[in-house]
Amino acid sequence: MSDTHAQTVAFVRETQIPPAPPPASETGVVKWLRENLFSNAANSALTIAALAVIYMVLQNTLPWILNGVWTTSSLAECREILQGKTGACFSVLTERWNQLLYGFKYPSDAYWRPNLALVLLLFAAAPVLFFDLPRKLLIFTAIYPFLAFWLIWGGTLMVPVVALLGFAAAAAVFQTFSKSSFAIAFFGAIAAAFAVWILGGLLIPEGASENAWLAPVPSRDLGGFMLNLMLGVTCVSLSLPLGIALALGRQSDMPLIKWMCVIFIEFVRGVPLITLLFVASVMLAYFFPPESTVDLFLRVVIMITMFSAAYIAEVIRGGLAALPKGQYEAADSLGLDYAQAMRLIILPQALKISIPGIVNVAVGLFKDTTLVSVISMFDLVGMIRGPILASTEWNGVYWELLGFAALLFFVVCYGISQYSQWLERRLATDHR
Amino acid sequence: MKKTVFLGALTVAGLAAGAAAAGTLDDVKARGKLNCGVTTGLVGFAAPNANGEWEGFDVAVCRAVAAAVLGDSTAVEFVPTTGKTRFTALASGEIDLLARNTTWTFSRDVDLKFEFVGVNYYDGQGFMVPKELGVSSAKELDGATVCIQTGTTTELNLADFFRSNNISYEPVPIETNAEAQQQYLAGSCDVYTTDASGLAATRATFDDPSGHVILPEIISKEPLGPLVRHGDHEWGDVVRWSLMALIAAEELGITSANISEMAAGTDNPEINRLLGSEGTLGEMLGLEADWAQKAVAAGGNYGEIFAKNIGEDTPVGLARGLNAQWTEGGLLYAPPFR
């Protein structure tokens, strides 16, 4: 019937035509540019403006950085080499790097000690920060503060050992009595710790530090970025438990505890940090006899810890308030007591909600440690503003020094913020 | 180091502050170290060098006192103080002596209960302007914008000066000297005013120091000197006469180069009394007979200290001016050693 067969048709295509490449405007870099940078007139204008700004910034900074002088011994020599060209005088960093990092009085043959303490800090912090690691590593975390104290301040090993034994005794007493009565356990633990410290203090021979294996370094000789890191790490790690306790205390049903916490938090939040630092450095000297003052570093740590604990308490209170009431009631209906309910049900959820706020306080606190330069402690900023800019060689170098300080702080703060984002992802259980 | 962080916190509470206040001189001798308050850093006056050793004009006073009292110019614990912490540090006994370019004023001497023992630098407030402005006197500054550090006496002096000359100005308040340098160089103000020594030090750091002039008018008196606590006169005498020994040594021609040969005895009885080969001046102060010899040997006489730290051959480049000996038209006048 039909004569049309496949064989009779002149040409039938048997293979697929290879796909033609997309139009040049719809592929690769061009497409990305079109979609992201030049999608409409307004965006195009903004892109061009942004490019112009970036160009102007680079045009001014790149020659300054690339022409930088690294090897002179004073600003005047830098200027001689540059002969009026734009260029940074980075030699101040190469000559004074040790002062910027460790302060100008820390003995230079002992720089390995804070360095080692910093490396060990990474190991000590790891099990706390990354809870997939084996829990046994926490033993090292518990020893670390005493080890770091011994490394940085030097002196006799007896002091940190006695301090550690005091805490160990307190823990042992608490464990023993906590089953029968919380009050006995709590106060017994405090008494045990003090007993060990006082007895141990008597046992340490006078002058034991003088010929100790690690030469003692007084607190006044600490400085530079090391001081910022030490203050930041110590105060953050102390203020977090204190802040949790204050937040829980503020929610307590016991009026005495509740009002003590409320007054503490509101007082500290109502006072500027710099006022507290002045009290620590200046006023306390009036109250103590001149020969037996509390170490300046300790005074500053106490003040900054108090300050940030009050802020962290408020952040955590926000987390507690965000939990539905049903969670508290569920814990009660399971027959959990207060401590168990908080530890197993309430705090894990409340703390997870509070992470961004806590990290915010921690970053702010770390940067606030530069305020100690006003009470004549030579932290990184204090070193720059005081001794280095006041030396005849380097008076007048600002951008290089403060840029270096900004870089150091940025690295640490960005690290903290990245960690907190990882933590939030890791703890996300709500399958959004 | 037995007083550690932990144990120290416990022991302090128990110790009463009421221990009988021994004289500062005895305290310093017993301690074997002088606690000397200095600034946290001021070009030429006090700053640690690359090795962490303190250097400068005020530092030299501390070293001379330490040498006179303890015989060792390195036996000094330098306690850095800011403008805000300096007076409490001295009043609370944290430091024995404050040598921190502090202006001697009535209220500090009388009301704050301190004792200024002398003047080691006569300063005064001056003005710096760019040369291209073509100004040769501060009285031509009508309508100028002036960079001024807030909260200092310079601010009040400035207002007084412009009001009494009946000319107007616009203040640009700034916080620190470093900020002032940047603002002035960026042209936010026509004039920068602070102490003349500070102006000279600031100008020395500029790319082109010759493009800026310091105007001849000095509009205030700023006698800077070391001070001690009120009431301990033995200690005040030691510090006062250590400073005077440096000044007198220059007047008498005693330098760090010739001091050992002069100490053996000279024809000039005043030199002999000062250096201890005659008389009992050291004993009267409660010090060794060669106290002044050690003080001068520590860093040279006043003129040598000046030339080494802030003199015309240094980057700060200050002329002696008012700080010359009275025999050369200056104000330095050490009372007789007799």
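One term before anything else: a residue is buried if 20 or more other C-beta atoms lie within 10 Å of its own, exposed if 12 or fewer, and partly exposed in between, with the C-beta atoms placed from the backbone. And some housekeeping: this is a predicted model, where local features need pLDDT of at least 70, side-chain atom pairs count only at pLDDT 80 or more, and totals for chains, interfaces and linings use all residues. Residues are numbered from 1 along each chain as its sequence is written, and chains are lettered from A and ligands numbered from 1 in the order in which they are written.

Okay, chain A. How many helices and strands are there in chain A? We get 16 helices and zero strands, where helices (H or I, at least four residues) and strands (E, at least two) are DSSP runs numbered from the N terminus.

Now its overall dimensions. Chain A has a radius of gyration of 31 Å, whereas a compact globule of 432 residues would be near 22 Å. That radius is taken over C-alpha atoms, and the globule rule is 2.2 Å times the number of residues to the power 0.38. Along the principal axes, the C-alpha trace of chain A spans about 115 × 80 × 40 Å. As for burial, 31% of the 432 residues in chain A count as buried.

UniProt, in an unreviewed entry, places the feature "transmembrane region" at several stretches of chain A, including 37-58 and 397-416. Its positions are given in the numbering used here, feature names are shortened, and annotations may be inferred rather than shown by experiment. In the model, residues 37-58 of chain A are 82% helix and 0% strand, with the end C-alpha atoms 20 Å apart. For residues 397-416 of chain A, it's 90% helix and 0% strand, with the ends 30 Å apart, again between C-alpha atoms.

On to chain B, which has 14 helices and 14 strands. Its radius of gyration is 22 Å, close to the 20 Å the globule rule gives for 338 residues, so chain B is as compact as a globular protein of that length. The C-alpha trace of chain B spans about 60 × 60 × 40 Å along its principal axes, and buried residues make up 46% of its 338 residues.

Let's zoom in on helix H14 of chain B, residues 302-309. Its buried residues are B:Tyr302, B:Gly303, B:Ile305, B:Phe306 and B:Asn309. They sit on the same side of H14(B), because they cover an arc of only 165° around the axis; the arc is that of the directions from the helix axis to the C-beta atoms.

Most residues other than glycine have a negative phi. B:Asn101, though, has a positive phi near 20°, and B:Asn166 has one of about 60°. Buried or exposed, what is B:Asn101? It's buried, with 24 other C-beta atoms within 10 Å, and it's found in the loop between strand S5 (97-98) and helix H5 (106-110) of chain B. B:Asn166 counts as exposed, because it has 8 C-beta neighbours inside 10 Å. That one lies in the loop between helix H6 (153-164) and strand S10 (169-174) of chain B.
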